[in-house]
Amino acid sequence: MAFGELLADSGDRSAADAVIDVAAERARTLGTRTRHYFNSAGAGLASSGVMSGMIDHLRKEEQGGAYEAAALVADDLNAIYVHAAQLLGCDTDEISLHDAATTGLRVVFDALRLGAGDTVIAPRSSYVSQALRLLTLEKVDGVTLRIIENAPDGTVDLVDLEAALIAAPGAVISAVHVPTSSGLVEPVAEIGVLAQRHGAVYVLDATQSVGQIDIDVRAIGCDVLVATGRKFLRGPRGTAFNYVRRGFLETLKPWAPDVRGSEWSGETEWVTPVAARSLETWEAAIAGRIGLGLAIREALERGMPATESFIAEGAARLRAAFAEIDGVTVVDPPAATAGIVTFTVDGMHARDVSKELRARRIDTIAIPASHAQWDLGARGIDAVVRASVHVYNDQSDFDAFIDAVTDIAETQRGAAA
Ligand SMILES: Cc1ncc(COP(=O)(O)O)c(C=O)c1O
């Protein structure tokens, strides 16, 4: 069934449709002109404004020197903290900028200085790099690692989580909002309630949710939230940011104080002011930061509630359409309501499906179990095709995508017969 028919069927051409100006989004997104782009969970398409801002800055560096160019945009750089705080519902001094979500997680986990006697609790939705970090903490540093089982709908089992918290008061929860391997949305606010009830530290990986889901860190109740710039926020690669709750920041012991955040005040002394940016490093690609700031502003201007419902609705329609195609299995868990859709085609490796789609100018990506062993590996799935929706996806994108998957599955069935 085509996307248009699904829209008609539902009878509720959504409010989000009215609020998101898809044509305007496409007009300012060059990447939509030649491709049907469904890989925003990999890296969202940046707008022309974001790209021009970065190029302009590089020209300033070329003409006047990189430090001098940075001084010229000092106000814009400061504004990134203001806008990131607005996006997450926190204060400006609770934001730090990094080059990757993985770096944001690393500086926090380094500063926790975990060792024997400490417990980290993690869900099955954990991302590969964080899972490997936690396994390293377990194997090398003697930290106890407790993986929480899933509830039947695929979300982290809150009963099992609470049992783990009771067994290890003061543990660190390393949670995920939306994983890399499905459209699952974890119950992040409920996790926050449990964290507070049991005095746990709560670190939330929101790499796949910031930019697609309206986020309020105070309502979630996390101590740290980690985000990346290049995915649903549509910023450049090599950009990321953290929220670090003010009271929590004071308990951290940064592993490697940097000139960015600390002042070497005497032979053996240094001073580190209490602000999340003390976790940053001095060096950064300033053009990338300019692009990140512009992307955050565009997301705020577009409005996160409207963005969230538009993306969720598009993904739901893809799931419904794919579920009707013979030989195609939607492998998202029942609690998948985010803008990521995962599926397999009988008899074909996900990599080959994605390749076939790319040949038809449709961009998706294959996610192997090695990116999510606690999820895909545990479910016995060796790889999935991952598609992700954004505000620049229009009717023609959805129709082309659904037709192509139908065609690929049909051809495969014919070949297997
Ligand atoms: C859920 C999740 N967490 C963390 C990361 C890592 O983000 P980064 O590549 O910015 O370090 C990813 C990347 O795909 C991810 O999907």
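Author: A polar contact is here a pair of N or O atoms within 3.5 Å; within protein, one must be able to donate a hydrogen and the other to accept it, and residues adjacent in sequence count only if both atoms are side-chain atoms. By that rule, 13 residue pairs are in polar contact between domain 1 and domain 2, both residues at pLDDT 80 or more. The model is predicted: local features need pLDDT of at least 70, side-chain atom pairs count only at pLDDT 80 or more, and totals for chains, interfaces and linings use all residues. Residues are numbered from 1 along each chain as its sequence is written, and side-chain values use heavy atoms, with hydrogens and water left out.

The two parts are domain 1 (68-301) and domain 2 (304-416), with bounds that come from an automatic or database domain assignment. Their C-alpha centres lie 28 Å apart. To the contact (heavy atoms within 4.5 Å), domain 1 contributes 31 residues and domain 2 contributes 32 residues.

The size of an interface is often given as the accessible area lost when the parts come together. Buried area is the accessible area (1.4 Å probe) that two parts lose on being put together, summed over both. For domain 1 and domain 2 this comes to about 2,400 Å², of which 62% is on carbon and sulfur atoms.

On the side of domain 1 that touches domain 2, the elements giving two or more residues are β3 (119-123), α9 (128-141) and β4 (144-148). Helices (H or I, at least four residues) and strands (E, at least two) are DSSP runs, numbered from the N terminus. With three residues, α9 gives the most to this side of domain 1. The residues of the side of domain 1 that touches domain 2 comprise 17 nonpolar, 10 polar and four charged. In this division Ala, Val, Leu, Ile, Met, Phe, Trp, Tyr, Cys and Pro count as nonpolar, Asp, Glu, Lys and Arg as charged, and the others, Gly among them, as polar.

Along its principal axes, the C-alpha trace of the protein spans about 75 × 60 × 35 Å.
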